[in-house]
Amino acid sequence: MNGTRDEYFDEAGLIDCLRRMAERNDPDQAIQDLLAFLGEKCLGQRIYIFEKGENLTVSNAYEWCAPNVTAQKKLRPSESLEMIRKWWDRLERDQAVIINNVEDIKESDPQLYAALKSQDIEAWAAVSVRVKGEVTGFIGVDNPDVDKIPALARLLSGISCLVAQ
């Protein structure tokens, strides 16, 4: 590994993530450590896992934030599944959801646009978390380097099975 951030988007980065998770006895701590590792190495300001709940909601189960970034877990512990329905359908088709510029959805999805803007999110990526083939949640990254989003989405897809509970 050459010490660049790009290395965390390849197989070596995935193996490093797996090794770090395997070293933990507590699954919740392993997931928290994984999010911190990804956030620090993969150019995100905030990385989180939302889980599908009852009553058509998704709940913020895990979160890592970069220094000087406001945590949202307590401020927005859950969201309506209807608010995110457009891209939840994409997650169910096993497609990453990528927003390179939040301004691009201002007209097409004003409710999601308002929610993202209120959290200072300018770019966003998410991949599904599945249990037995069913989408049970997603891993999201706020404000990643837009040039790295496709590689980041592939990495997150590769590790999403590790966080399924």
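Leaving aside neighbours within four places in sequence, K117 is in contact with V102, E103 and E122, where contact means heavy atoms within 4.5 Å. The model is a predicted one, in which local features need pLDDT of at least 70 and side-chain atom pairs count only at pLDDT 80 or more, while totals for chains, interfaces and linings use all residues. Residues are numbered from 1 along each chain as its sequence is written, and side-chain values use heavy atoms, with hydrogens and water left out.

K117 is found in helix α4, and its C-alpha lies 7.6 Å from that of V102, a residue 15 places away in sequence. With a relative accessible area of 29%, K117 is partly exposed, given that buried means under 20% relative accessible area, exposed over 50%, and partly exposed in between, for a 1.4 Å probe and protein chains only.

The protein as a whole has 5 helices and 6 strands, which are DSSP runs numbered from the N terminus (helices H or I with at least four residues, strands E with at least two). Read from the N terminus on, these elements run α-α-β-β-β-α-β-α-β-β-α. Of the 165 residues in the protein, 45% are buried, and among contacts between residues at least 6 apart in sequence, 53% join residues at least 24 apart. The accessible surface comes to about 8,800 Å², of which carbon and sulfur atoms hold 48%; such areas come from the Shrake-Rupley method with a 1.4 Å probe, and for residues only the protein chains shown count as cover.

What empty space is left can be examined next. Rolling a probe the size of a water molecule over the atoms shows where such space remains. On a 1 Å grid over the protein atoms alone, a cavity is a set of points where a 1.4 Å probe fits but cannot get out, whereas a pocket is an open set with protein on both sides within 12 Å along at least five of seven lines, and lining residues have an atom within 4 Å of a point. Grid points are joined across faces, edges and corners, and a volume is the space filled by probe spheres set on the points.

The structure holds 1 cavity of 30 Å³ or more, and about 170 Å³ of space lies in the largest cavity. Its lining has 17 residues, of which Y48, F50, E79, L116 and Q119 are the closest to its centre, and the elements that give two or more residues to this lining are β1 and α4 (110–118). By class, the cavity lining has 12 nonpolar, 2 polar and 3 charged residues, where Ala, Val, Leu, Ile, Met, Phe, Trp, Tyr, Cys and Pro count as nonpolar, Asp, Glu, Lys and Arg as charged, and the others, Gly among them, as polar.

The largest pocket has a volume of about 150 Å³, and its lining has 2 nonpolar, 6 polar and 3 charged residues. Among the residues that line this pocket are Q45, R46, Q72, Q119 and D142.

P77 has its place in the loop between β2 and β3 (78–80), and at 45% relative accessibility P77 counts as partly exposed.

Two further loops deserve a look for their backbone angles. Most residues other than glycine have a negative phi. N55, in the loop between β1 and β2, has a positive phi of about 60° although it is not a glycine, and at 73% relative accessibility N55 counts as exposed. K132, in the loop between β5 and β6, has a positive phi near 50°, and K132 is exposed, with a relative accessible area of 87%.
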